[in-house]
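These are my notebook entries on one structure. I looked up its helices, its sheet and its nonpolar cores in turn.

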Amino acid sequence: MTTASALLTRTVQSLDGIAKEGLGEQRVSRWRGRRIVRVGEAWHLGVLLLTDTHALATAEVLRAADPGRRGYTAESARARAERRAEALRGGFDEGDVVHVGWSVIDVDAVDAGGSSGPLALVDGVPSVRWSAAGGYMPLEAYLRERVSLLRDSAEG
């Protein structure tokens, strides 16, 4: 039986040379205000973020940007623009993709028959829930598809 940890390790090895995206964390200080600082980088594979040593569940994805002077028709647009500006203030370059609010997946728990984040062992098969409303699909097929998409976008 192939374990989730073995599949993820093989996938990380196959991604060598492909660009990663930034991992950020929210920070607040009296002098520097609210900002999102870089704490690492990972390959983005749909609902998963893979680092050299960990699997993470995605959450908020944004692109660092200067909000400029704009009129906003919705408060949600203003909030998104502020989050992009926080990443810029935290040290990300304009246009960088930033992942915030991610969580570490306990792959050992999945290998032991449990679940963690979007991963679970379903009928003995490491599986991933690729959307909140979707069902589980085999992790191996999901990773193969996502790596192919990532490679295609890196080449194009």
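I counted two residues as in contact when heavy atoms of theirs lie within 4.5 Å. The model is predicted, so I took local features only at pLDDT of at least 70 and side-chain atom pairs only at pLDDT 80 or more, while totals for chains, interfaces and linings use all residues. Residues are numbered from 1 along each chain as its sequence is written, and side-chain values use heavy atoms, with hydrogens and water left out.

Entry 1, contacts of L119. Leaving aside residues up to four places away in sequence, I found that L119 touches L8, L48, I105, V110, S127, V128, Y136 and L139.

I took a nonpolar core as a set of buried Ala, Val, Leu, Ile, Met, Phe, Trp, Tyr and Cys residues joined through side-chain atoms within 4.5 Å. Buried stands for under 20% relative accessible area, exposed for over 50%, and partly exposed for values in between (1.4 Å probe, protein chains only). The largest nonpolar core has 23 residues, and L8, L48, L119 and L139 have the most contacts inside it. At least two residues of this core come from each of α1, β2, β3, β4 (55-57), α3 (107-111) and α4. Helices (H or I, at least four residues) and strands (E, at least two) are DSSP runs numbered from the N terminus. Helix α4 gives the most to this core, with five residues. Another core, of seven residues, lies apart from it and includes A87, F92, V98 and V100.

Which residues of α4 are buried? I listed L139, Y142, L143, V147 and L150. They lie on the same side of α4, because they cover an arc of only 125 degrees around the axis, taken from the directions from the helix axis to the C-beta atoms. R144 and E155, on the other side of α4, are exposed. The buried residues of α4 pack against α1 (4-14), β2 (33-45), β3 (48-50), β9 (119-122), β10 (125-129) and β11 (136-138).

I read an open sheet of seven strands in the order β5-β6-β1-β2-β3-β4-β7, with mixed pairing; two strands pair if DSSP finds at least two bridges between them. β5 (60-63) and β7 (103-104) stand at the edges with a single partner strand each, so one side of each has no neighbour in the sheet. β4 and β7 run antiparallel and are joined by two bridges. The bridge partner of A57 in β7 is S103.
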